[in-house]
Amino acid sequence: MESAADAERVVRATHFPPVGERGVAGTTRANEYGERFDDYVETANDETLVVVQIESPSAVESVEDILAVDGIDVAFIGENDLSSAYGYPGEKDHPTVTEAVQRVFEAAEANGVYPGIAGRTPTTLTERSNRGFQFFLLGADLSFMRTGIEEFLDG
């Protein structure tokens with residue numbers, strides 16, 4: 001996601017007409033293979049969650065325009081990619097990265113979009129929740145399985 005034009009394409013691709021241009025298949029699992037077609041098409045646009053990832057300097061520079069696009073629900077900040085793109089891989093606390101994160105957060109709030117970020121530990125999750133973040137990446141399935149297996153083997 002680099003621009004408002006990208007955001008507009010995402011909204012069009014994820015919504016049925018008249019909002020977007022997503023294809024309307026009649027027999028999919030989402031509409032119970034046609035059994036709930038009318039209900040599904042009527043409610044899907046309102047129930048679709050659109051999350052855009054902001055993880056490059058150019059996206060940060062355009063974030064106010066990106067998040068002003070109607071239909072964007074969440075602005076997720078990809079800190080690892082963002083820190084790498086700024087030339088500070090893994091340095092999420094580097095001033096350039098923290099300034100970018102703050103800019104995205106403020107643009108999200110100004111546009112009624114939920115700000116999102118990773119909260120991979122209980123401490124980090126609490127701290128970021130207290131800062132006002134509302135959408136979180138908590139981890140990956142494999143990391144949760146590894147942690148569970150380690151706890152099991154240690155127990």
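Colleague: Is Glu-21 buried or exposed?

Modeller: This is a predicted model, and in it Glu-21 is exposed, with a relative accessible area of 58%. That value counts as exposed because the cut-off is over 50%.

Colleague: Which side chain does Glu-21 meet in a salt bridge?

Modeller: The partner is Arg-12, at 3.7 Å from N to O. Arg-12 counts as partly exposed, at 31% relative accessibility.

Colleague: Thanks! How many salt bridges does the structure hold?

Modeller: There are 10. One of them joins the side chains of Glu-79 and Arg-128, with an N to O distance of 2.8 Å. This pair links distant parts of the chain, 49 residues apart: Glu-79 sits in helix H5 (residues 79–85) and Arg-128 in helix H7 (residues 122–131).

Colleague: Is Glu-79 buried or exposed? And what about Arg-128, buried or exposed?

Modeller: Glu-79 counts as buried, at 8% relative accessibility. Arg-128 is buried too, with a relative accessible area of 11%. Both are called buried because the limit is under 20%.

Colleague: Which residues are linked with Arg-128 in a network of salt bridges?

Modeller: The network links Arg-128 with Glu-79, Glu-127 and Arg-131. Within it, the side chains of Glu-127 and Arg-128 meet at 3.9 Å, N to O. Glu-127 is partly exposed, with a relative accessible area of 36%.

Colleague: Let's turn to the nonpolar side chains. What is the general idea there?

Modeller: In soluble globular proteins, nonpolar side chains tend to be buried together. Here, the largest nonpolar core has 25 residues. Those with the most contacts inside this core are Ile-54, Ile-66, Leu-67, Ile-72, Ile-77, Val-101 and Val-104.

Colleague: Which elements give two or more residues to this core?

Modeller: They are helices H1 (4–14), H3 (57–61), H4 (63–67) and H6 (95–110), together with strands S1 (51–54) and S2 (74–77). H6 gives the most, with seven residues.

Methods: Residues are numbered from 1 along each chain as its sequence is written. This is a predicted model: local features need pLDDT of at least 70, side-chain atom pairs count only at pLDDT 80 or more; totals for chains, interfaces and linings use all residues. Side-chain values use heavy atoms; hydrogens and water are left out. A nonpolar core is a set of buried Ala, Val, Leu, Ile, Met, Phe, Trp, Tyr and Cys residues joined through side-chain atoms within 4.5 Å. Buried means under 20% relative accessible area, exposed over 50%, partly exposed in between (1.4 Å probe, protein chains only). Helices (H or I, at least four residues) and strands (E, at least two) are DSSP runs, numbered from the N terminus. A salt bridge is a side-chain nitrogen of Lys or Arg within 4 Å of a carboxyl oxygen of Asp or Glu.
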